[in-house]
Amino acid sequence: MRNYLIITIALFIITGCSKNKFEPTPHLTFKSVNTTDLHREQLIRFTLTFTDKEGDISDSLFVQKIVPNCPATSFEQYFPMPSVPESGDLKGEISFTLGYNVTGYYDVLGPQCNMNDTATFRFALKDKKGHVSDTVNSPKVIIYQ
């Protein structure tokens with residue numbers, strides 16, 4: 001079975017001197033996006049960083065696409081996170097990729113209202129105990145017809 005969700009997690013265990021900075025609720029930060037001008041047959045890759053005191057982030061990543069001028073193109077969905085070995089004071093990076101008419105990737109959903117979409121993507125991380133991180137936003141992304 002082909003894996004349609006590309007989430008890559010790079011794990012870094014934090015040294016003892018920084019242990020007090022972590023909290024049981026995951027903390028999520030938006031780091032980057034590979035493009036803000038998306039055309040057909042291209043990928044869009046979002047990079048997020050996280051910290052979690054208990055290291056149990058293997059539940060889900062919430063992704064919401066907001067297009068104020070064309071709600072038909074908006075979506076919200078939970079994507080399962082891959083299992084990672086649980087350890088205290090976990091810090092890492094999440095790479096989440098969508099395709100615009102690209103086979104093998106979840107679709108970003110192209111414009112539905114006869115104009116280019118100007119979208120913002122929102123992300124939140126949920127851990128195994130049900131703790132939900134703060135929500136982070138991407139910069140505006142133009143998705144061309």
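## Salt bridges and a nonpolar core

Welcome to this structure, where the count of salt bridges comes to three. Please keep in mind that the model is predicted. Side chains of opposite charge can pair when their charged atoms come close.

**The salt bridges**

- Lys31 pairs with Glu93, and their closest N and O atoms are 2.7 Å apart. Lys31 belongs to strand 2 and Glu93 to strand 7, so this bridge ties together parts that are 62 residues apart in sequence. Glu93 is partly exposed, at 27% relative accessible area.
- Glu54 pairs with Lys129, with 3.5 Å between the closest N and O atoms. Glu54 sits in the loop between strand 4 and strand 5, and Lys129 in the loop between strand 8 and strand 9, so parts 75 residues apart in sequence are tied together. Glu54 is partly exposed at 25% relative accessibility, whereas Lys129 is exposed at 55%.
- Asp117 pairs with Lys65, the closest N and O atoms being 3.7 Å apart. Asp117 is in strand 8 and Lys65 in strand 5, so the bridge ties together parts 52 residues apart in sequence. Both Asp117 and Lys65 are buried.

**The nonpolar core**

- The largest nonpolar core holds 29 residues, and Leu61, Phe121 and Phe123 have the most contacts inside it. Its largest share, five residues, comes from strand 7.
- Leaving aside neighbours within four places in sequence, Phe123 is in contact with residues including Leu28, Phe46, Leu61 and Phe96.

- Thr97 has its place in strand 7 and is buried, with a relative accessible area of 0%. A polar contact of 3.2 Å joins its side chain to that of Arg45.

Notes:
Residues are numbered from 1 along each chain as its sequence is written. This is a predicted model: local features need pLDDT of at least 70, side-chain atom pairs count only at pLDDT 80 or more; totals for chains, interfaces and linings use all residues. Side-chain values use heavy atoms; hydrogens and water are left out. Helices (H or I, at least four residues) and strands (E, at least two) are DSSP runs, numbered from the N terminus. Buried means under 20% relative accessible area, exposed over 50%, partly exposed in between (1.4 Å probe, protein chains only). A polar contact is a pair of N or O atoms within 3.5 Å; within protein, one must be able to donate a hydrogen and the other to accept it, and residues adjacent in sequence count only if both atoms are side-chain atoms. A nonpolar core is a set of buried Ala, Val, Leu, Ile, Met, Phe, Trp, Tyr and Cys residues joined through side-chain atoms within 4.5 Å. Contact means heavy atoms within 4.5 Å. A salt bridge is a side-chain nitrogen of Lys or Arg within 4 Å of a carboxyl oxygen of Asp or Glu.
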